[in-house]
Amino acid sequence: MPSATVNNHRPSELLSRLASAEPEVKLRALREVKNQIIGNRTKKLSFIKLGAVPAVAGILADSADDVIDYNNNNCNVNNNINNILVQSAAALGSFACGFDAGVQAVLDAGAFPNLLRLLSNSNQKVVDAGARALRMIYQSKLVPKYDFLQQKNMEFLISLLNSENENVSGLGASIITHSCETSLEQKVLFDAGILRRLNSLLEGGSLSQRYSSLESLASIFKNNSELVSKFAGAEIERPLGSIIDLLKDRYPRTRLLACMCLIVIRNTSPHLLQDIGVKSKLIHILLELLDDPGQVGDEASFAFSSLIAQKEDLQKLALEANAIDKLHHHLQKGSLRPRRYEGILLALADMCSKLESCRSKFLSLQVLNLVTDALTDDSADVRTAACICLKSVTRSIKNLSAGYFMNEMVVVPLVQLFLDPSTSVQVAALGAISNVVVDFTTHKCIFVQCGGMKQLVQLATSMESAVRSNALWALKNFVFLADNRLKEGVFSELTASLLSSLICDPEPSVQEQALALVRNLVDGCMNSVEFMFAEDGLILGAIGRQLQNASKAEIGIQGMYALCNVASGNEFHKEAVMHQLFPQMVDKNESFMINFLQSNDSQLRTATVWTIVNLTCPSSPGAFGRLVKLRNAGIVSQIKHMVNDPCVDVKFRVRTVLGQSMAFGDN
């Protein structure tokens with residue numbers, strides 16, 4: 001007998017019992033399936049593979065049809081049917097809860113419309129079960145967006161929010177959180193009076209309704225300063241007060257969601273919530289919430305990051321609140337869940353993104369050792385976050401100059417991540433190494449010895465444009481102010497043909513970084529300029545073609561600076577540059593040089609004028625001939641109109657060009 005009981009609980013046996021004609025057997029099987037899969041992803045997957053979701057969805061559909069039949073015949077619905085509806089909805093919700101494979105299975109089984117049907121059931125337990133299941137499903141991005149722009153959909157949403165059943169009103173809020181993305185959708189919701197209803201749920205609703213409302217408000221406010229202003233103005237009673245009050249709530253999740261909502265409001269409309277007391281309170285609450293052992297503690301660091309990201313004033317306040325010490329303390333605990341581990345690393349990254357004082361604190365606590373340990377974590381998200389953290393810390397010019405980061409503890413694990421199976425990890429590792437290899441000391445050989453330079457060249461040919469671009473960025477920084485021997489080593493690996501093809505890459509970001517790499521390669525001694533003429537001047541020709549058709553200013557800037565460096569060379573080099581600038585002595589109206597000089601981008605104007613300075617240096621034998629060509633192309637005339645350029649760098653070099661021109665008798 002005991003063995004038979006055990007067999008009854010096996011997935012395959014439970015599946016056969018779901019097909020039973022006996023309502024009681026079917027009901028017990030539904031309960032057992034639900035109980036086995038709650039919080040157990042392995043069990044969920046096992047049942048999904050056996051086809052349990054379509055079976056449960058079928059039971060839901062049949063029972064919902066039975067309810068319609070009973071209602072049509074004016075009969076009371078059998079309790080077993082209601083219980084089966086409740087348990088089948090609960091089982092489907094459990095399959096979907098926090099598990100995208102489960103959500104997809106539920107959607108594929110066609111259960112979604114039948115779950116919606118439960119909301120109109122006369123039995124409140126059935127309604128509640130349907131609403132709970134739908135809320136779990138709406139946590140996933142796999143669910144199609146709800147169309148707020150259709151009047152009937154908006155009416156249905158309002159009916160959900162006005163329901164006295166907290167799971168039903170919570171479902172309405174969950175739909176908003178899931179589907180509200182565009183400014184038009186936000187406006188439609190505001191115009192329908194949704195914010196007033198959500199605000200009332202904040203003040204008088206249950207705990208669950210409070211959670212849902214805070215999340216929904218954040219979705220409606222995000223990046224919409226107009227709606228935030230209306231909410232904070234006179235159109236809503238007690239505008240921000242109801243949310244600020246919740247910062248003192250006894251429940252950690254309420255405090256977290258209130259913080260997150262206020263952060264969205266502040267990031268959307270920076271002029272609001274400027275009171276230093278509110279800002280300090282947000283920082284202190286989020287740092288305290290890190291101590292929560294559950295999901296609140298996992299998410300608190302992400303909220304903290306969104307609060308301080310790119311804001312020096314808040315980073316300074318957080319430093320004074322000992323944020324780095326507290327984040328370091330949590331890292332020291334070890335055995336962190338991946339989500340919490342990732343969040344703490346990203347919070348440290350944002351703390352160290354701007355202020356040298358924060359980086360100094362980070363290094364003084366020796367947090368660097370713990371971050372480099374995270375580079376080998378099993379989670380790709382954690383490895384990515386560790387790289388992003390290193391990228392922020394290694395922005396320190398002071399410590400780069402001291403060669404602090406160019407050591408095996410930092411470099412070797414980063415180089416190993418160049419071959420990570422995750423593209424996001426590769427890109428993040430390349431971003432970190434791009435800072436490390438700037439290193440102003442003579443320690444760059446460490447990077448070469450561990451195979452880093454060769455791997456960067458290989459990654460420059462990756463199928464992923466983000467990898468190609470970041471690999472070139474790292475190479476660009478690696479050759480910055482490097483000696484000629486190191487440059488020759490990089491160039492021999494790259495080859496002129498590969499560099500020229502990268503300059504003409506389909507992706508503008510790759511073109512820009514390839515040109516920037518060439519700019520740094522030919523910067524310096526005369527020998528470096530010769531790289532441009534390898535393989536019959538392939539690279540120089542590629543630069544000329546890209547400048548003729550530059551798709552954005554950044555490409556023009558890097559291309560012109562590359563030519564500017566070549567034009568600093570000898571007479572042969574200068575003439576080669578002229579050939580790229582004016583390949584067929586085109587009409588002045590066709591010259592891209594005129595467009596560059598008239599650009600709104602001051603860096604592009606600076607690079608272009610500087611190139612002309614190098615081409616017309618009076619000590620060069622062919623300077624006068626080049627000046628004549630520039631004059632005939634309308635370049636000199638354009639430069640004369642730039643003597644009062646708003647950019648100081650441009651103005652200075654314009655006057656240099658005109659001074660050199662006067663040396664040849666040009667008035």
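Me: At what angle do helix α3 and helix α6 pack?

Reply: In this predicted model, local features need pLDDT of at least 70 and side-chain atom pairs pLDDT 80 or more, while totals for chains, interfaces and linings use all residues. Numbering runs from 1 along each chain as its sequence is written, and side-chain values use heavy atoms, with hydrogens and water left out. Find α3 at residues 23-37 and α6 at residues 79-96 (helices are DSSP runs of H or I, at least four residues, numbered from the N terminus). Their axes, lines fitted to C-alpha atoms over the stretch in contact, sit 9 Å apart, and the packing angle (N-to-C directions, 0 to 180 degrees) is about 25°.

Me: Is α3 roughly parallel or roughly antiparallel to α6?

Reply: The helices pack at about 25°. Angles under 35 degrees count as roughly parallel and those over 145 as roughly antiparallel, so α3 and α6 are roughly parallel.

Me: Which helix gives the largest share of the lining of the largest pocket?

Reply: Helices that each supply at least two lining residues include α7 (100-108), α9 (124-137) and α17 (252-268). With 8 residues, the largest share comes from α17.

Me: How much space lies in the largest pocket?

Reply: Picture an open set of points on a 1 Å grid over the protein atoms alone, where a 1.4 Å probe fits, with protein on both sides within 12 Å along at least five of seven lines; lining residues have an atom within 4 Å of a point. Here 50 residues line the pocket, and among those closest to its centre are Gln-139, Glu-215 and Arg-253. The space, filled by probe spheres set on the points, is about 2,200 Å³.

Definitions and conventions. Angles under 35 degrees count as roughly parallel, over 145 as roughly antiparallel, 65 to 115 as roughly perpendicular and the rest as oblique.
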